[in-house]
Each structure stands twice: as C-alpha cells, then as structure tokens.
Amino acid sequence: MGLSFENITNNIHDWLYNTFNPTIALLIEFTIIGVLVIGLFSVLGLVLILMERKVSAWMQLRLGPNRVGPKGMFQTVADTVKLIVKEGMTPTGADKLLFNLAPFIVMIVAMVILAPLMFAKGFQIWDINIGVFFFIAISSVSVIGILMAGWASNNKYSLLGAMRSGAQIVSYELSAGLSVISIVVLAGSLRVSDIIASQQDGWWIFKGHLPVWIAFVIFIIAVTAETNRAPFDLAEAESELTAGFHTEYSGMKFALFFLAEYVNIFVVCAIGATLFLGGWMPLHFGTGTKFNEVMDYIPSSIWFFGKTFFLIFVIMWFRWTFPRMRIDQLLNLEWKYLLPISMINLLLVTLIAIMKWYF
Amino acid sequence: MSFISKYIKDVFGAMKSLLTGMKLTGYYATHHKKEKITQQYPDNKETLHLPERFRGEVVMIHDENNEHACTGCTACELACPNATIKIITKYDVMPDGKKKKALDTFVYHLQLCTFCNLCIEACPTAAIKMDQTFEHSVTDRSKLTKILNKPGSKIREGVE
C-alpha cells in the first residue's frame with residue numbers, strides 16, 4: 001500500500017519535522033491544511049451545485065445545464081466567474097461591520113467543522129477526543145452568522161428569515177444531537193476514529209437493529225432542517241421572503257452564503273456517513289470473511305465520498321420532492337414528533353448497548 | 001389511549017406519504033432519459049413536436065377551392081375579450097335577387113391576442129382554428145395585423 005493518503009500525510013509530516021524546527025513545521029502544516037480546505041471548498045461548491053441542478057432537472061423531467069462545456073459541466077465555473085466580477089453592494093442602512101462579517105462567519109464555521117472529519121483511513125486534520133461533541137457545538141455557531149446577516153441587512157425580509165432560521169436551528173439541534181448520542185452510546189467514544197473503528201465488523205446501521213434506523217432517519221430529517229434545506233427552507237423561502245437572510249447580499253458575499261450552504265450539506269452528510277455508515281470503513285460483515293477482503297480492495301477515500309454523496313443525493317431528493325412546511329408545522333414536527341421519538345429511541349439504544357444485543 | 005394510536009398512525013401515515021412522493025421523483029431521476037419532456041427548441045427545429053392543443057395563432061380554414069366556412073356572423077368578434085378580431089361584412093346579391101350578409105375582411109390583430117381560444121369555441125361553423133406556428137416576431141408592428149381570409153375566397157356552398 002504505497003500510495004494511500006495515510007502514507008502520504010505521514011511522509012510529509014515526518015519530512016517537515018525532520019527538516020524544520022517544530023514550530024515552523026507546525027505552521028507549514030497549518031498552511032497546507034488551509035490551502036487544502038479552501039481547495040476542497042471550491043471543488044465542493046462547483047460539484048455540489050452542478051449536482052443539485054442536474055438532480056433537480058432530472059426529477060422535474062428537464063435537462064438541466066447542458067450548454068457550457070461537455071454536458072454542461074462548466075456551468076458552475078461560469079457562474080462563479082460571474083459572481084466574482086459582480087459588485088458586492090452594501091446597503092446604505094446596513095450595519096457595515098456585521099453585514100460584511102456575516103458571510104465569513106458562516107464560511108469559517110463550515111471550515112472549522114471539517115477538523116475532526118476522517119476523509120480516508122488515517123487522513124484527518126485533528127483527531128480530537130471529543131470529535132462528535134465538536135461537530136454539534138460548532139454547527140450551532142452558524143446560526144450566529146445567519147442572525148448577524150439578517151439583522152445587519154436592515155431589511156424586514158432578512159430579519160424574518162434570520163429569526164425563522166434561529167428558531168429552526170435551535171429546535172432541530174436537539175433531535176440531531178440525540179440521534180448522534182445514540183451512536184456515541186453504542187460506540188462508547190466521542191472520538192471519530194474510535195467510532196469508525198467500532199464499525200470494523202459492520203456499520204452501525206446494520207449492527208444496531210431498528211433503533212439505529214430510527215435514529216438515522218431522525219438525523220437525516222434534523223440535519224436537513226439544520227442546513228436550511230427544503231422542505232425546511234423557511235429561512236430563505238423564496239415565495240415569501242424573496243431570499244430570506246441573504247436578500248441584501250450580492251456578488252461574492254452572496255456566493256459565500258451559497259457556498260456555505262452546500263459545504264454544510266457536505267459536512268452533515270459526512271458526519272452522518274461517519275456515524276451510521278462507517279465513514280471510510282468498507283462494507284464489512286463479521287470479521288475475517290472473504291467478503292471483507294474483497295471490499296477492502298476499494299480505497300477508503302472512495303468509500304467515504306461514496307457514502308457522503310449518497311446521503312447528499314438523498315437530501316437533494318427531499319428538496320425536489322417535498323413542498324415547504326409552514327413555521328408552525330416545522331416546530332410541531334420537531335417538538336411533538338422528532339424529539340419524543342428520539343428520546344424514547346435513545347432509551348432503546350442504551351438498552352441495546354448495555355445488554356450487548358448488537359452484533 | 002386513543003391519542004397514542006392516533007400519534008403512531010400519524011407518524012406512519014406521514015412516512016408512507018413521503019415515501020410515495022420520493023418513489024415518483026426517484027423514478028423520474030433514474031428514468032429521466034425516457035421521461036424527459038424538454039425540447040431543445042432551436043436545435044430541433046425540423047423535428048419539433050408540439051402538443052395537439054398548442055395554441056399558436058388564429059387561422060381560417062380554406063379548402064382546395066379557396067372556400068372558407070365563415071358566414072360573417074361576428075360571433076368570434078363578440079367573444080373576443082380584447083378586441084383582437086374585427087370583421088368587415090358586405091352584402092352578396094343572391095341569384096334570386098335577395099341580399100345576403102357575407103364576410104368581406106377578417107382582420108386579426110395578433111399583437112392583441114392572448115390565445116384564449118374563445119373565438120374558436122364561439123364559431124358556429126368551425127371556420128377558424130388555432131394554428132401551431134409560434135415564431136411570431138416581426139420587424140414592424142403593422143405586420144402583426146393580419147387578414148385571415150385569402151384574397152378571392154368565398155363562402156362554401158351550403159354553409160349557413
């Protein structure tokens with residue numbers, strides 16, 4: 001296994017620490033990681049927006065973008081160029097500092113969540129021992145950026161959108177957190193690498209029986225709401241609030257919000273894939289079987305991105321199937337259905353974990 | 001305990017209806033090659049297929065003898081909500097010396113037409129119909145005012 005991500009990162013790490021003194025080596029590593037994260041973000045933005053447009057077109061029996069480049073593959077590149085050359089207006093009545101700060105806060109939050117994600121075997125920025133807690137804690141911060149944007153715009157639609165978004169994210173964080181905890185209970189660790197290692201003999205969604213399925217469904221619903229995606233896109237509800245919290249944004253600042261939305265989708269789907277579908281772990285059943293060996297031939301990064309993109313497709317599928325909910329329906333769904341169900345479900349999962357009923 | 005059974009029924013009913021919707025869009029997403037309805041218009045100008053009920057513009061039906069079925073009754077003019085049609089009538093002298101009202105000019109203002117189909121429905125003799133042409137752009141506004149009855153055409157025998 002000469003050319004795995006694990007070996008490459010380890011070689012670079014060793015070379016840096018042998019060549020420079022530790023401080024400079026650490027700074028160089030920070031720079032490399034920053035460049036890689038920004039690179040990942042731009043690629044994700046281009047790929048996911050194109051994917052969304054194609055998926056939506058297929059589901060609505062349209063063709064989708066098909067003019068720029070082969071099969072329309074460069075459509076998002078053209079869009080990005082357009083957004084870059086556009087003027088980034090700041091309205092006269094806006095709070096200049098907060099208005100200009102908000103898109104960067106949203107972006108930075110999305111970047112920070114990437115830290116404990118494991119993209120391939122041994123390829124991780126920071127294997128922090130409270131990894132899953134870190135996800136939940138940081139993802140709540142993005143609501144500050146949204147509220148900031150809505151408030152600073154000095155626009156009633158923006159404020160309404162931001163307030164809805166606040167109510168929504170605060171509510172849905174609960175059930176997302178509870179379904180994440182059910183996996184933490186089973187795995188017995190908050191560390192991402194431990195959680196993935198615990199799925200060595202089968203992903204939790206297969207090992208954990210029905211309660212993990214319920215937790216998975218609740219997790220997917222809750223993260224759809226947390227990323228402000230349809231059917232929970234009340235924060236930007238085009239038909240009611242023009243564009244919600246980013247009504248007043250244009251040019252590259254708008255593009256940052258747009259990009260943050262898609263990066264957030266990627267991040268939550270990656271978390272879902274890590275917790276429920278085993279992250280980079282290939283499809284294993286039991287230990288030491290022939291089937292496992294065959295599955296191990298597929299590189300771990302392909303497993304990770306395959307699972308993540310499958311979940312992203314499911315979330316896009318939701319968006320282009322379901323109509324938008326009203327705000328009262330949204331809060332009813334969370335407080336009357338998802339939260340009680342996930343609490344009872346957590347009890348069941350805990351029982352399974354204590355009695356060791358999982359495989 | 002009835003509220004609990006209702007609660008559970010609600011949850012399963014919701015899941016069922018959501019999955020029904022996802023099944024349809026999932027079918028569309030996987031079979032979009034077969035099911036897609038978009039036509040790439042300027043590219044497929046030769047093979048363009050329009051639906052049967054597409055409403056492009058009003059035309060008058062003429063047969064091979066250059067005869068139409070319009071009696072000049074002005075039902076279409078009265079039915080038109082925005083004065084698109086103006087019918088100018090004349091009086092034909094019949095062989096027995098009687099005068100009979102007949103169509104002189106059927107003026108159709110395409111620029112006013114909303115393609116609502118009311119004139120076609122109002123016509124008692126089915127003399128006009130909706131054509132499928134839709135490339136209406138012209139360089140001058142006056143070109144949009146059309147005379148639908150062909151020069152020298154007359155009413156078909158037996159149409160009252």
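**Exercise 1. Locate A:N228 and decide whether this residue is buried or exposed.**

Step 1: A:N228 sits in the loop between α10 and α11 (238–241) of chain A. Helices here are DSSP runs (H or I, at least four residues; strands are E, at least two), numbered from the N terminus.

Before going on, a word on the model. It is a predicted one, where local features need pLDDT of at least 70, side-chain atom pairs count only at pLDDT 80 or more, and totals for chains, interfaces and linings use all residues. Residues are numbered from 1 along each chain as its sequence is written, while chains are lettered from A and ligands numbered from 1 in the order in which they are written.

Step 2: count neighbours. A residue is buried if 20 or more other C-beta atoms lie within 10 Å of its own, exposed if 12 or fewer, and partly exposed in between, with C-beta atoms placed from the backbone. A:N228 has 25 C-beta neighbours inside 10 Å, so this residue counts as buried.

Step 3: look at the backbone. A:N228 has a positive phi of about 60 degrees, although it is not a glycine. Most residues other than glycine have a negative phi.

**Exercise 2. Find where A:N154 lies, and what its phi is near.**

Step 1: the place of A:N154 is in the loop between α6 (142–152) and α7 of chain A.

Step 2: its phi is near 60 degrees, a positive value in a residue other than glycine.

Step 3: A:N154 counts as partly exposed, because 15 C-beta neighbours fall inside 10 Å.

**Exercise 3. Describe how helices α7 and α10 of chain A cross.**

Step 1: take the axes, which are lines fitted to C-alpha atoms, for helices over the stretch in contact; angles run from 0 to 180 degrees between N-to-C directions. Helix α7 (residues 156–187) of chain A and helix α10 (residues 209–226) of chain A have axes that come within 8 Å and cross at roughly 155 degrees.

Step 2: name the arrangement. Angles under 35 degrees count as roughly parallel, over 145 as roughly antiparallel, 65 to 115 as roughly perpendicular and the rest as oblique. α7(A) is therefore roughly antiparallel to α10(A).

Step 3: sort the contact by class. Ala, Val, Leu, Ile, Met, Phe, Trp, Tyr, Cys and Pro count as nonpolar, Asp, Glu, Lys and Arg as charged, and the others, Gly among them, as polar. The contact of α7(A) with α10(A) has 12 nonpolar, four polar and two charged residues.

Step 4: pick out residues. Two residues are in contact if their C-beta atoms, placed from the backbone, lie within 7 Å. Among those in α7(A) are A:Y172 and A:A176, and α10(A) contributes residues including A:F219 and A:A222.

**Exercise 4. Explore the contact of chain A with chain B.**

Step 1: chain A gives 11 residues to the contact and chain B gives 13 residues. On the side of chain A that touches chain B, the largest share, three residues, comes from helix α2 (residues 22–59) of chain A.

Step 2: that side of chain A has nine nonpolar, one polar and one charged residues.

Step 3: α2(A) and α1(B) pack at an angle of about 105 degrees, with their axes 7 Å apart. This makes α2(A) roughly perpendicular to α1(B).

Step 4: A:V55, A:W58 and A:M59 in α2(A) meet B:T25, B:Y28 and B:A29 in α1(B).

Step 5: check α1(B) itself. Two of its 29 residues are buried, so this helix lies largely in the open.
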